[in-house]
Amino acid sequence: MNRTIILLLTLLSLLNGRAAALTPDRTPFTIAPSAAESRITLPAATLPAYGLTAAPSFADDPIRLPESVRPRRDFWHSTGARFIIPAGFIAYGSIAQCNPLLQKVNGDVKAAALRAFPGRTHVDDYLQYAPIVAYFGLAGVKTRHNFLERTIVAATSYLVMAAIVNTMKFSIPVLRPDGSAWNSFPSGHTATVFTGAHLLFREYKSVSPWIGVAGYAVATATGAMRILNRRHWLSDVVTGAGIGIASVEVAYLLLPLFDRWIYGKEGRTQQAGMMFTPAIGYGYYGAGFACVF
């Protein structure tokens with residue numbers, strides 16, 4: 001028995017000496033036990049000595065990544081896909097101006113609104129600004145853009161929205177449902193509130209998607225009030241929603257250009273500042289914008 005033990009210890013010593021001789025930098029290997037299996041990890045520099053090669057790395061080659069972790073680059077995750085819904089809304093409202101079937105839908109919705117709510121309300125005149133107030137009210141929440149960049153996006157969105165809405169109002173005369181004026185198409189209130197709602201969604205969706213959902217709920221309620229007040233047709237409201245959403249997407253596309261203009265290539269400056277404030281009064285609404293560099 002003693003001779004057998006001595007022989008085993010001698011063999012183990014010889015094997016250990018051979019493994020050390022095969023290791024160029026004398027770095028010992030390690031054994032990492034796990035619940036499922038035991039894994040031997042060798043230093044990368046010693047792998048050729050054992051006739052082994054390192055496992056291929058896919059981190060720097062997205063094309064070779066497994067399908068489960070490969071970045072999604074199809075159309076539905078591209079920038080163009082974000083304009084599908086607003087483009088559809090705007091197309092619907094534009095076609096409705098000359099389509100008899102959609103004109104009939106406008107009339108039916110107006111009649112149903114009159115039966116459901118024969119009175120008037122001014123809540124929509126103030127509710128349209130609720131999303132943008134929340135957008136700046138949550139300025140302390142950490143997002144991917146700082147306060148200055150969020151202000152730039154908001155100002156650009158409202159400028160683009162106002163330019164589109166006013167151009168269409170004066171170039172496409174449509175009588176309001178109450179017969180008060182020929183500037184019904186599209187709905188400015190709806191465009192304003194959906195601009196704020198989509199700003200909330202785009203900026204705070206990483207924090208909580210329910211912030212954007214709440215903004216869209218307020219925007220939808222505002223659009224419904226415009227119909228109940230007989231100030232707009234259904235097609236006006238749908239088009240206004242599309243313009244508001246599209247304006248925000250345009251603003252985010254332009255943000256990198258503003259960043260380069262303001263910050264330059266050397267880094268960000270702390271001396272730039274912007275301020276955007278809504279203005280509400282009796283019989284009018286607007287906005288104030290100031291920028292200091």
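At what angle do helix α2 (residues 84–96) and α9 pack, and how far apart are their axes? In this predicted model, the angle is about 150° and the axes are 7 Å apart.

## Helix α2 against α9

Angles over 145 degrees count as roughly antiparallel, so α2 is roughly antiparallel to α9. The crossing of these two helices is left-handed.

On the α2 side the contact is made by Pro86, Phe89, Ile90, Tyr92, Gly93, Ser94 and Ala96. The α9 side supplies Leu234, Ser235, Val238, Thr239, Ala241, Gly242, Ile243, Ile245 and Ala246. Sorted by class, the contact of α2 with α9 holds 11 nonpolar and five polar residues, and no charged ones.

## Helix α7 against α9

Helix α9 (residues 234–263) also packs with helix α7 (residues 188–204), here at an angle of about 40° with the axes 7 Å apart. The two helices are therefore oblique to each other. α7 crosses α9 in a right-handed sense.

From α7, the residues in contact are Thr190, Ala191, Phe194, Thr195, His198, Leu199, Arg202 and Glu203. They meet Val237, Gly240, Ala241, Gly244, Ile245, Val248, Glu249 and Tyr252 of α9. The contact of α7 with α9 comprises eight nonpolar, five polar and three charged residues. Ala241 and Ile245 of α9 are listed in the contact with α2 and again in the contact with α7.

## Helix α5 against α6

Helix α5 (residues 130–137) and helix α6 (residues 147–171) pack at about 165°, and their axes lie 11 Å apart. That angle makes α5 roughly antiparallel to α6. Their crossing is left-handed.

Ile132, Tyr135 and Phe136 are the α5 residues in the contact. Their partners in α6 are Phe147, Arg150, Thr151, Val153, Ala154 and Tyr158. By class, the contact of α5 with α6 has seven nonpolar residues, one polar and one charged.

## The second largest pocket

The second largest pocket has a volume of about 230 Å³. Which helix gives the largest share of its lining? Helix α9 does, with six residues.

The lining is made up of Arg82, Arg144, His145, Arg202, Lys205, Glu249, Tyr252, Leu253, Leu255, Pro256 and Asp259. By class, these lining residues are four nonpolar, one polar and six charged. Arg202, Glu249 and Tyr252 line this pocket, and these residues are also listed in the contact of α7 with α9.

Most residues other than glycine have a negative phi, and most peptide bonds are trans.

Pro186 is placed in the loop between α6 and α7. Arg230 is in the loop between α8 (209–228) and α9.

Note on methods:
Residues are numbered from 1 along each chain as its sequence is written. This is a predicted model: local features need pLDDT of at least 70, side-chain atom pairs count only at pLDDT 80 or more; totals for chains, interfaces and linings use all residues. Side-chain values use heavy atoms; hydrogens and water are left out. Axes are lines fitted to C-alpha atoms, for helices over the stretch in contact, and angles run from 0 to 180 degrees between N-to-C directions. Helices (H or I, at least four residues) and strands (E, at least two) are DSSP runs, numbered from the N terminus. Angles under 35 degrees count as roughly parallel, over 145 as roughly antiparallel, 65 to 115 as roughly perpendicular and the rest as oblique. A crossing is left-handed if the near helix is turned anticlockwise from the far one by less than a right angle, and right-handed if clockwise. Contact means heavy atoms within 4.5 Å. Ala, Val, Leu, Ile, Met, Phe, Trp, Tyr, Cys and Pro count as nonpolar, Asp, Glu, Lys and Arg as charged, and the others, Gly among them, as polar. On a 1 Å grid over the protein atoms alone, a cavity is a set of points where a 1.4 Å probe fits but cannot get out, and a pocket is an open set with protein on both sides within 12 Å along at least five of seven lines; lining residues have an atom within 4 Å of a point. Grid points are joined across faces, edges and corners, and a volume is the space filled by probe spheres set on the points.
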